[in-house]
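Me: I'd like to go through this model with you, starting from how its chains meet. Could you set out the terms as we go?

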Amino acid sequence: MPIPIRMLAAVATAATLAFALPAAAQQKIKIGFITTLSGPAGVIGKHMKDSVELALDHLGHKMGGVPVEVIFGDDQFKPDVGVQVAEEMLKKHQVDIMSGIIWSHVMMAVVPVVTGAGKVMVGTNAGASPLAGKACHEQYFSTSWNNDQTPEAMGKFMQEQGINDVYVMAPNYQAGKDMVAGFKRFYKGRIVEEIFTKPGQQDYQAEITQLRAKGPKAVFVFYPGGMGIQFVKQYVQAGLRERIPLYSVFTVDETTLPALKESALGQYEAKFWSPDMKVPASQKYVADFRKKFGYTPSFYGAQSYDGMLLIDSAVRANKGSLANTKAVIASMRKADFDSIRGPFKYNVNHHPIQDFFLLRAVKGGPDGVEMRIQKKVFDDHKDSYYQDCKMKW
Amino acid sequence: MTTILVFEQLLNGLQFGVMLFLMAAGLTLVFGIMNLVNLAHGSLYMVGAYLTVSAVQWTGNYLAGVALGLLGTLAVGMLVEVIALRTLYERDHLDQVLATFGLILFFNELIAIIWGRTALYMSLPAWLQGHIEIIPGSIYPLYRAVVIGVGLVVGALLWFVVTRTRLGMLIRAGASNRTMVAALGINIRLLYTVVFGFGAALAGLAGLMAGPIYAVQPGMGELILIQVFVVIVIGGIGSIRGALVGSLVVGVVDTLGRAFLKPLLGHFISPPAAEAAGPALASMLIYLLMALVLSLRPEGLFPAKSG
Amino acid sequence: MRARTLILAACVLLLLAVPPLATVFNQPYYIDLLRRVLIFGIAAVSLNLILGYGGLVSFGHAAYLGVGAYSVGILAFYGIHNGWLQWAVAIVASALVALLIGAISVRTRGIYFIMITLAFTQMLYYLGVSVEEFGGDDGMRLKVKSQFSGLVDLGDPVTYYYVVLALLLACMYLVHRLVNSRFGRVIRAAKSNEARTRAIGFSPYPYQLVAFVIAGAMCGLAGALLANHTAYITPAFMDWTRSGEIMFMVILGGMGSIPGPALGAFALLIVEDQLAGWTQHWQVIFGPLLVLSVLFFKRGLAGLLPGGGKDG
């Protein structure tokens, strides 16, 4: 059989094409933004992506006078894919800075890649504790929070209210255990029982039956995403809404409210931000977001919006360039921008020192039910890990 | 552990089992008759839930919405059968698994494009809300009781159709000897399409009943699908009776495991160890059960007589 | 067969040339991308041994990816960074897990086998999620890559690339030798006609079990490589969709072909990467592509090579 030269040639051409055309030198700020865009978790990614786009609109698609381009990447909720996307952005697209990321496991896998390449990572959601403590890094900034802070706020509120006999529930995975630990750091009352359920579980009727039999005075849960929708619906259907108050973190927010509607009424949440926040930057963000995308933004989006503003502040401070990483870090530490949470300071571990509020789902707003701030729980709250962070500045 | 508590948990297990059964029945029917492994069965469950949500909104009437949702899923099922699955009957299980895996990706994304990724809201009419007292001192959500009732009625109907009607006779005949039925002048292709459509409608029924309790979101089918496969493997693939027994066993074992495993372990090992092992073991329980059943009976509890 | 050999040799040469080419064009990303492809290539080659030659449709092959990765991660967690030891443990641990799973599941047939292998992987997945010590679902970082007494440095992307490439070729050679041995002939005979195999005096069970264990061990090695590649280990490696992807690599590349699975890994991951970069709704295209490839591309990529899709 003769050698099919054409086939060899085709393979060779394909290979050459793949390697050709490296990005030409650009007069542009390039930001790599990783989030989960596909699959069931893609709803959070959408909130984040839309907020980034709104931030770019507000900035006139320029940072410090230089045109800016954001390259979005989909981590598919998998750490190894996240690493691959990050490598692609850093090495192929040669981005100047990285941002985004919803999940702790993706974040912890990606941060070493970004810092190893000498760039800065601006995390806009994942709040893994190691990154706030032992594994903190001068090239890593967060515009969100540490995982434990939100349940700490709820713990403090319930402690202050003198609520006793609390029934605690969370999925049996790391974030679930972190949330419960954070809650217990500030809540010192009696805990009836701690229940950890299967991650991704749909039906909670068995657990709810057990709960009712124990007769607690209050229930504290952490059920993000679909789990939260299911738990809250089933809790209400079991007739417990009026009988045992339900307190939660990361369970009822603007990503799940459209599916819960009046089932959410009366739910207590703790959070650093809410769409009804009386801060001018936040009100502008919420109003313009609703106008442009036709739905109410969530804290996932607000943090990502802040992430872009933080990057913008660094570009402005450094005359339209992110090339000098040391200088970028120095200017980011000032947090010199109009944050949606109002003015705030960075802690030594590059995590915000910020207020936390008690929220409640009430009737009102364009969607019928909305989260409204009830009271401030924490003033300038620092996370519980910053002492483990060896950074000095 | 009071008797009432155990009774309620058994009821919960029964209800979960019924939900699994509706899914398992369609899946096992399609397997038993067309010899098709359909991973995309969970997608039809999702389609059922989404179509019903939209139809209820559109008509403003719950029952009309349910009817439209069921018909819609039936139609989607038949369409999928004609376009994609028909050619798979003659293929081996490997091809079927892979092709229907591809369909899962397609359906999840299609739903996300049409309805968005945000979970949808599905309300219940007032007459399905509230509680009933089954035995004194034990209140139970009315809707879940209705789910149990619907499941049992569907199970009975299915048994009646398969064993007592002409359609059922054709189905059984088609399963055991395809050529012979075709030779008798029966349009076997049409028969298969109809059977697949009904399997899809059963999945759709499960999906629309799941809507008010679970989250209606893209990918909702896969969460239940793997458990349904556990059910039909335990029961014996292709056997409706096996699906029923398997569903109830899995539903009850899973529910009781979640409710009582941790306190039970606490009697034997230290509380912190039970705290850690209980939930982990509870989430693996149905898989352990399946491994146990298959190591004793490699063809499940009720092996279908192969044709 | 000469043309086929030449083409495959050309492919190997191209792969060898990737690092220098990538450096010349200043595109080091492609080294990482292809290294990941090659690692999944090893996983696919290992699955092909039981799937393509043995007819055992394992829907749980990602389990060994996880076991291999966690072997490396756990040893590193306790301060043992010796790569020889880490990789040996990864291989042995995966073999043991495969022995356990295989002992129960290889007795079952058809769809039961598919589902029981899936179920075991789910169990391992939930185990990984619930073990707090090693990060649960958050996973754990691999701070120090496997150390090979200064012989090779996996921290260097190019060196690591060549290590993976060499291991992939070694695995392909191993599978080639296996399927052409007496052992391999029994396996293949059992696939095509189990009753006849029994009739001529072979009980296929021990043979199939051994093949299952070898495949698991080989995939465990891929897991150890993946842990070093990502420098991160999570239960997500054992997600059931991952098992499906590895199966697809085998099918796409061509079952029962030595180079097929590696080609399949290449095609699948590159298409996925390209589509994902193009639209967030890439799965709506990717899904039907997979269906079409199953329906109309039965012989796989290897079938396009002169000499057809089957080896041996």
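Reply: Two residues are in contact if their C-beta atoms, placed from the backbone, lie within 7 Å. This is a predicted model, in which local features need pLDDT of at least 70 and side-chain atom pairs count only at pLDDT 80 or more, whereas totals for chains, interfaces and linings use all residues. Residues are numbered from 1 along each chain as its sequence is written, and chains are lettered from A and ligands numbered from 1 in the order in which they are written.

Me: How many residues does the contact take from chain C and from chain B?

Reply: Chain C contributes 33 residues and chain B contributes 34 residues.

Me: And which helices of chain C supply at least two residues each to that side?

Reply: Those are helix H5 (110–130), helix H10 (240–253) and helix H12 (283–296) of chain C, where helices (H or I, at least four residues) and strands (E, at least two) are DSSP runs, numbered from the N terminus. H5(C) gives the most to the side of chain C that touches chain B, with 13 residues.

Me: What's the make-up of that side by class?

Reply: The side of chain C that touches chain B has 24 nonpolar, 8 polar and 1 charged residues, with Ala, Val, Leu, Ile, Met, Phe, Trp, Tyr, Cys and Pro counted as nonpolar, Asp, Glu, Lys and Arg as charged, and the others, Gly among them, as polar.

Me: Staying with H5(C), at what angle does it pack with H4(C)?

Reply: Helix H4 (residues 83–105) of chain C and H5(C) pack at an angle of about 150°, with their axes 10 Å apart; axes are lines fitted to C-alpha atoms, for helices over the stretch in contact, and angles run from 0 to 180 degrees between N-to-C directions.

Me: Which residues meet there?

Reply: From H4(C), C:Ile101, C:Ile104 and C:Ser105 meet C:Phe113, C:Ile116, C:Thr117 and C:Phe120 of H5(C). By class, the residues of this contact are 5 nonpolar, 2 polar and no charged.

Me: Switching to chain A, what does the domain assignment give?

Reply: For chain A, the assignment gives domain 1 (29–145 + 278–343) and domain 2 (149–271 + 357–381), with bounds that come from an automatic or database domain assignment. The centres of the two domains of chain A, taken over C-alpha atoms, are 28 Å apart.

Me: How many residues are in contact between them?

Reply: In chain A, 14 residues of domain 1 are in contact with 12 residues of domain 2. On the domain 1 side, the largest share, 3 residues, comes from H2(A).
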